[in-house]
Amino acid sequence: MHTTYLVVALVTVVANAGIALADFVRAPFVLANSAEVGVPSGWVPWLGALKLAGAAGVLLGLFGLEPLGFAAAVGLVLFFAGALITHLRARVYYNIAFPGAYFALALATAALPVAR
């Protein structure tokens with residue numbers, strides 16, 4: 001189980017750090033998606049900071065700070081639950097798989113250590 005957790009947690013870290021970077025550079029697809037679901041463009045860097053903080057916390061959890069890693073994973077679960085709700089409220093379904101995938105990764109990262 002440890003190897004599975006390590007792989008899932010690392011994928012979660014890389015995925016969230018990558019999308020946070022896209023938020024910071026204000027990638028056109030990020031701005032288009034945020035506008036489509038009704039998120040002001042001024043929020044994008046702040047949302048990216050939350051994603052990056054979650055990724056950093058999960059990474060620190062891999063280096064021995066397990067409670068922090070768990071808390072960061074739970075934070076990412078809540079963040080992406082909010083993203084899913086935002087997509088549903090805006091009735092933007094065609095790309096809901098993206099926040100869904102991030103949600104699933106965060107949920108797996110939060111749940112796997114508990115399953116040990």
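Leaving aside neighbours within four places in sequence, Thr109 is in contact with Tyr5, Val8, Ala9, Thr12, Val58 and Ala73, where contact means heavy atoms within 4.5 Å. All of this comes from a predicted model, in which local features need pLDDT of at least 70 and side-chain atom pairs count only at pLDDT 80 or more, while totals for chains, interfaces and linings use all residues. Residues are numbered from 1 along each chain as its sequence is written, and side-chain values use heavy atoms, with hydrogens and water left out.

Thr109 itself lies in helix α5. Helices here are DSSP runs (H or I, at least four residues), just as strands are (E, at least two), and they are numbered from the N terminus. With 1% relative accessibility, Thr109 counts as buried; the label buried means under 20% relative accessible area, exposed means over 50%, and partly exposed is in between (1.4 Å probe, protein chains only). A polar atom of the Thr109 side chain sits 2.8 Å from the backbone oxygen of Leu105.

The other threonine in this story is Thr12, which is found in helix α1 (residues 2-24). Thr12 also counts as buried, because its relative accessibility is 1%. Its side chain makes a polar contact with the side chain of Thr109, at 2.8 Å. A polar contact is a pair of N or O atoms within 3.5 Å; within protein, one must be able to donate a hydrogen and the other to accept it, and residues adjacent in sequence count only if both atoms are side-chain atoms. Not counting residues up to four places away in sequence, Thr12 touches Leu76, Leu105, Ala106 and Thr109.

Further along helix α5 comes Pro113. At 22% relative accessibility, Pro113 counts as partly exposed. With residues up to four places away in sequence left out, Pro113 touches Tyr5 and Ala108. Pro113 and Phe70 are 43 residues apart in sequence, yet their C-alpha atoms are 8.0 Å apart in space.

What about the outside? Leu6, Leu10, Leu59 and Phe63 make a nonpolar surface patch of about 370 Å². Patches are built from residues with over 30% relative accessible area and no salt bridge, joining like charges within 9 Å and nonpolar side chains (Val, Leu, Ile, Met, Phe, Trp, Tyr) within 5 Å. A salt bridge, for its part, is a side-chain nitrogen of Lys or Arg within 4 Å of a carboxyl oxygen of Asp or Glu.

Two arginines in loops have a positive phi. Phi of Arg26 is near 55 degrees, a positive value in a residue other than glycine, and Arg26 belongs to the loop between α1 and α2 (28-36). Its relative accessible area of 34% makes Arg26 partly exposed. For Arg91, phi is near 60 degrees, again positive in a residue other than glycine. Arg91 is in the loop between α4 (66-90) and α5 (97-115) and is exposed, with a relative accessible area of 64%.

Finally, an unreviewed UniProt entry places the feature "transmembrane region" at residues 46-63, 70-90 and 96-115. Such positions follow the numbering used here, with feature names shortened, and annotations may be inferred rather than shown by experiment. In the model, residues 46-63 are 94% helix and 0% strand, with end C-alpha atoms 26 Å apart. Residues 70-90 are 100% helix and 0% strand, and the end C-alpha atoms of that span lie 30 Å apart.

How values were computed. Areas by Shrake-Rupley, 256 points an atom, 1.4 Å probe, with all protein chains shown as cover.
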